[in-house]
Amino acid sequence: MMHADTHAAAAHHGPLQHQFDTLEQQRDASTLGMWVFVAQEIMFFGGLFTAYVVYRFLHPEGFILGSRQLDVVLGGVNTAVLILSSFTMAMAVWSAQTGRRKLLTGFLAGTLLLGTVFLVIKYFEYAEKFQHHLVPGASFHFASPFAHSVELFFALYFAMTGMHALHMVIGAGLLLWYIPQAWKGRFTPEYSHPVEIFGLYWHFVDIVWIFLFPLLYLLGRN
Amino acid sequence: MTVATMTPRTNYLNVAFGVKSWLLTRDHKRIALLYLGAVTLFFVVGGIFAGVIRLELLTPEGDVVTPDIYNRLFTMHGIIMIFFFLIPAIPAVLGNFMLPLMLGAKDLAFPRINLASWYVYMLAGCLGVWVLIRGGVDTGWTFYVPFSTIYSNTHVTLAALAGFIAGFSSIMTAVNFIVTTHRMRAPGLDWFRLPLFVWALYATSVVIMLATPVLAISLVMIMLERSLGLGIFDPALGGDPVLFQHLFWFYSHPAVYIMILPALGVISELVAAFARKRVFGYAFVAFSSMAIAVLGFLVWGHHMFVSGQSLYSGLVFSVLTMLVAIPSAIKVFNWTATLYQGSVSYETPMLYVLGFLGLFVIGGLTGVFLATLGLDVHVHDTYFVVAHFHYIMVGGTLMGYLGGLHYWWPKMTGRLYPELWAKLAALLVFVGFNLTFFPQFVLGYLGMPRRYHVYPPEFQVLNVLSSAGSTILAAGYLLPMVYLLWSMRYGRKAGANPWGAVGLEWETSSPPPTFNFDQTPVVTHEAYDYRRKEKRVA
Amino acid sequence: MTDFPLFPEAASTVAGQVDALYLFLVAVSAFFTVLIAASVVYCAVRFRRRDPDEVGGTFHANTLLEVTWTIIPLGIVLFVFFWGARVFFTQYKAPADAVEYTAIAKQWMWHFQHPEGQREINTLHVPVGQPIKITMISQDVIHSLFLPAFRVKQDVLPGRYTQLWFEATKPGSYHLFCTEYCGTEHAQMIGQVVAMEPEAYEAWLAGGAGPPVPPVEAGRELFSQLLCDTCHLDAGGSRGPSLVGLYGETVALAGGGTVVADDGYLRESILDPAARIVEGYQPIMPSFQGQIGEENLFKLIAYVKSLGAPQAEPPAGDGQPRTSVPGGEPTTTDTGESRP
């Protein structure tokens, strides 16, 4: 996140930065940097996934019950929205590489829009959980012998989707930064890698959701 | 190849003056100095806490501070020394300064991220200081649940946030180092011509990248539980406090290697420079860094032999931990063999190397004690552990850091430190260190638990020895702060290469110009090729 | 104890094993420390720089040497590993004839109960020559019971039983420490283990104020107070399985899988009955979470244990060197009679 951010900032001062000899070296370095950053992100979510796997093993019934409380339609729509946003992001990268300024701006804006749609749907899902007292804490209420395990499920649900949503918000914030730059024509076929590495970040965040959706919404539902 | 000159010229220090030229710099060398100032500050703060702890332990009764204050003291001592001194010290100061020079690069790959990492570090540091002012935190640096999540009344959330943010700063530094090492090496500088310090920094960066985020998410889960009531580790809900320990040590054991590996790299540089000989078994030393980095990820469970995890997982973690001893031993034997047929001189950095070897050997061997299941049951969470990790962290990392700082000081400042004072300080550190921490091994086997602010009277003699040693140690640390500062203005001017060492960093002037080299150097030889240098000189 | 000991007292059956391991490692460490220090000093002196322009020699790689100093330490650490693992299993696998005590840890005290019913705070009296197994649980944070003279230690967790055993060999009074940092008074969460000759121990047991109620008896009372016996009939019923002869058996679970009916499973079945249902039964039992404290849980479990163990061994608190155990009458026979 911070990485992409400072990169975007670096883009202000002419394409070739002083520490590099060639643009190609600069592009290679940025891309590698983003991959390393993504590896780091995998470990970050890995901690949550580990907790999920351990607790699912310890509390299978509670996790199935908890999973049944989630709205699979909204979750499914959100999955579709994110996959579509990955497509618009990929198109944005292509537009940057081929120097299509207006298309680039449009696709970035489309990605931002879809990301926002995702967050709005997520907001309604969260609000519904609040209404039904499914948010862990003092107000949590679930009539079942497995209430504690269900509460644990929801603690993880909010931690995992919350961390994912935070990454979406950061991505959206970066897009707000990128869109005017794109409109001004700062990204050219020679200098498209800021868009490319942002694309890597965006796809990564999507992929995390592709794992979260089945684990939280689908597994053990039937 | 740039030939060193001693004529006054523009360098990174005198190229610009003024606060802004420092606070907005993107020069890795200036950022290294910013880090130097910051880590020194935190070292002093953490050291003062250690001083009060040792003062309290002079007597068996709790007569200096209250139990609550004592608990905060050792917690803050741990958090500050680990997150704000040991982890950044060598990479962010010496690594930041030397890595581009050693690679023949103009700067790190991402200078802005480098500067940002310092600001993020300072933000975390300010948050840490804020926690201190508000009354501190008392969970121990290990943040064990459910004490940290449910029972502690101190500022756990803020302290965890400080650790979380500090982690970000290490991640930024690590991305920079990994990418720089891959993409910014001078022509001809292939992987097996890299100085061993670069290998060590690379291995460290990989560990930082893979381990730090796991700590980050563990701390996030603690913060969520405390602030939003998401009881992920709450035993009342069926949450598992031991799972937190697994996640925590999955980071925090590799964190030990984050702290020690760079020091091992520094020692390789110093041994070569002061024996004027290629490091013995170069490839073995390089790969042992990577082996330690990899094995370091597989041994976290050895912190949990008595935690209630299964006996059989104890077996696995024990045997894997034993294996870490091997690459560490390989390094020690290779350094010793480097001295053989060397041309050994005894400047201060070399004294630190000799001290380091002794302390690291003891620290490493006592690690085998702790990895031994039947023995760990007795010494776990006693002063034996405290002594062991101080031998590694202070005897190892800090000796490496001080040795490296003296070695590269002329390069960083263009001035030589006063040799006599420096030797005296090195001696004080070595003697003071052993007097402080060796008695703690005995105390630990006797059964004195760690984190005790009062203790049975029969442990007093050893505790007094330890406290006495700590005053000598403190003097040994204060001296360099004074004479190094003094030398920045009054020290003798250093040439480009005061030690007659080889390595790209010695081929540019001292202090180096902003972009390090007048022309990009071309490397045609192995690392530490002292024979070749001889031929050239001759 | 002297005023300035350098080595801890050894007062349990495993202490000697741990000390042997320790002394062996001290010897190995001393050997390598001296070897390396001597080599370093020798090289540093012998190969000191005699001329400012002198450089080192060319001897900088030797595979045979590398292999040697890889293999030798590897052999040593693997040897130490196996040795350590053996001691470790001795430290944690309690002998079958161990007498069962319970401990509840809370900020900042230790609460022990003897099988005969005596309760103690921060002090534990035990007979020498008798293996003692302590089942422990915490009411709040993680604690750790450490008995340095016995060379044993075990973390005490909230929500989960852990066990520690030892056999004292020497009468005396020994330190008892909490070694997992647990808050303000962590350093005060200490006490004594008093090991006594069996006769002295019996006298001590008899000397308490009034005859204590053994946990088995108290558990039997609780069992009917809480109306457990309305479903868990001795003969088994349609609503709940019989608990006679259950302890230590492998139980088939509804939905597949099995579980050994140990202390942990009994505890879970009381607090969270739905978690693992016995095959052939419905999850209709109410949870007793929040209604039974840790102490009463121990009593209920002691009672269920007394309903018969698979090996038909004398129940806990009975047999072995103790003859004057109050309430130590064979509990297997009275289970049927005392049920309404």
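**Chain B, overall size.** I looked up the radius of gyration of chain B and found 23 Å; a compact globule with 538 residues would have one near 24 Å, so the two agree. The model is a predicted one, and I read every value here with that in mind. I then took the box filled by the C-alpha atoms of chain B along the principal axes: roughly 70 × 45 × 45 Å.

**Chain B, make-up.** I went through the secondary structure of chain B and noted 16 helices and 0 strands.

**Chain C, make-up.** I turned to chain C and listed 7 helices and 12 strands. Chain C has 340 residues, and buried ones make up 41% of them. Of the contacts in chain C between residues at least 6 apart in sequence, I noted that 66% join residues at least 24 apart.

**Chain C, strand β8.** I picked out strand β8 of chain C, residues 162–166, and asked how many of its 5 residues are buried. The result is 4, so β8(C) is largely enclosed by the rest of the structure. Next I looked for a pairing of β8(C) and found strand β5 of chain C, residues 132–138. β5(C) and β8(C) run in the antiparallel sense, paired over 5 bridges. Last, I looked up which residue stands opposite C:K133. This is C:W165, in β8(C).

Note on methods: Residues are numbered from 1 along each chain as its sequence is written. Chains are lettered from A and ligands numbered from 1 in the order in which they are written. This is a predicted model: local features need pLDDT of at least 70, side-chain atom pairs count only at pLDDT 80 or more; totals for chains, interfaces and linings use all residues. A residue is buried if 20 or more other C-beta atoms lie within 10 Å of its own, exposed if 12 or fewer, and partly exposed in between; C-beta atoms are placed from the backbone. Helices (H or I, at least four residues) and strands (E, at least two) are DSSP runs, numbered from the N terminus. Two strands pair if DSSP finds at least two bridges between them. Two residues are in contact if their C-beta atoms, placed from the backbone, lie within 7 Å. The radius of gyration is taken over C-alpha atoms; the globule rule is 2.2 Å times the number of residues to the power 0.38.
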